[in-house]
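Dear colleague,

I am passing this structure on to you, together with some notes on what turned up when I went through it. Please look it over before reading on.

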Amino acid sequence: MDDDSPYSRWEQRTEIPLFLASLLFLGAYAARVLAVDMPSFWRDVCDYTNIALWLVFAMDYIVRWRLFGGRFLRFARTHFLHTVVVILPLLRPLRIVPLYDVIQRRQGQPRISLHARVIAYASLATLLLGFAGSLAVYQAERGAPDATMKTFGDAVWWAAATLTTVGYGDITPVTTRGRSIATGMMVGGLALLGAVTGSFSSWLLQIFSRESDTKPPES
């Protein structure tokens with residue numbers, strides 16, 4: 001879409017504040033899940049903060065749809081990530097690629113190579129996805145009958161094994177909600193791992209190709 005369009009101007013003005021809001025959402029959710037003995041006042045503060053931020057995300061989605069024009073289903077299909085992060089606001093920090101794009105429009109040309117950017121994006125996204133997934137699955141599994149996930153440390157270990165596709169099987173979700181989260185993390189882990197592996201392989205091939213081109217011919 002044109003950089004001078006109303007949609008692009010809205011994105012440039014809101015992407016950074018919304019990313020910071022998403023980190024606040026994640027922090028409030030983490031406090032709500034991990035601080036078991038939190039006073040009821042602060043629990044309410046966390047809950048109301050997350051509700052208010054979700055309404056902000058939903059309003060942003062509606063504004064984007066109206067600025068984009070066209071039917072809602074077409075917008076939802078062509079802006080799939082926007083739709084997902086409204087339904088699952090914990091995943092909104094994963095929108096680091098549009099955030100970087102907005103920053104680069106203000107600062108000029110990127111200073112690092114494409115391969116380095118892809119690896120950096122995927123690595124940061126993996127950390128955010130792992131942390132959010134650990135919180136969500138721990139909340140779902142905590143206190144469930146026959147649960148093997150007893151602590152948040154267990155949840156982090158499980159998330160690391162899941163995202164890296166290792167899958168030791170020593171800790172597994174037993175609830176329907178936990179298994180649904182696990183399915184999403186498996187898909188996300190495969191996609192992010194593929195992005196890193198593909199970009200790193202392409203970078204190595206470029207280096208070897210460059211060295212081959214500069215090597216003097218044998219006499």
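**Salt bridges**

The structure holds four salt bridges, a salt bridge being a side-chain nitrogen of Lys or Arg within 4 Å of a carboxyl oxygen of Asp or Glu. This is a predicted model, in which local features need pLDDT of at least 70 and side-chain atom pairs count only at pLDDT 80 or more, while totals for chains, interfaces and linings use all residues. Residues are numbered from 1 along each chain as its sequence is written, and side-chain values use heavy atoms, with hydrogens and water left out.

Arg64 pairs with Glu11 at 3.5 Å, N to O, and this bridge links distant parts of the chain, since Arg64 lies in helix 2 (residues 40-68) and Glu11 in helix 1 (residues 6-34), 53 residues apart; helices (H or I, at least four residues) are DSSP runs, numbered from the N terminus. Arg64 also forms a salt bridge with Glu15, their closest N and O atoms being 3.1 Å apart, and here the two partners, again in helix 2 and helix 1, are 49 residues apart. Arg64 and Glu15 are both buried, as is Glu11, where buried means under 20% relative accessible area, exposed over 50% and partly exposed in between (1.4 Å probe, protein chains only). Glu11, Glu15, Asp60 and Arg64 are linked in a network of salt bridges.

Asp47 in helix 2 and Arg32 in helix 1 are 15 residues apart, and their side chains meet in a salt bridge at 3.1 Å, N to O. Asp47 is partly exposed, with a relative accessible area of 28%, and Arg32 is partly exposed too, at 29%.

Note on methods:
Helices (H or I, at least four residues) and strands (E, at least two) are DSSP runs, numbered from the N terminus.
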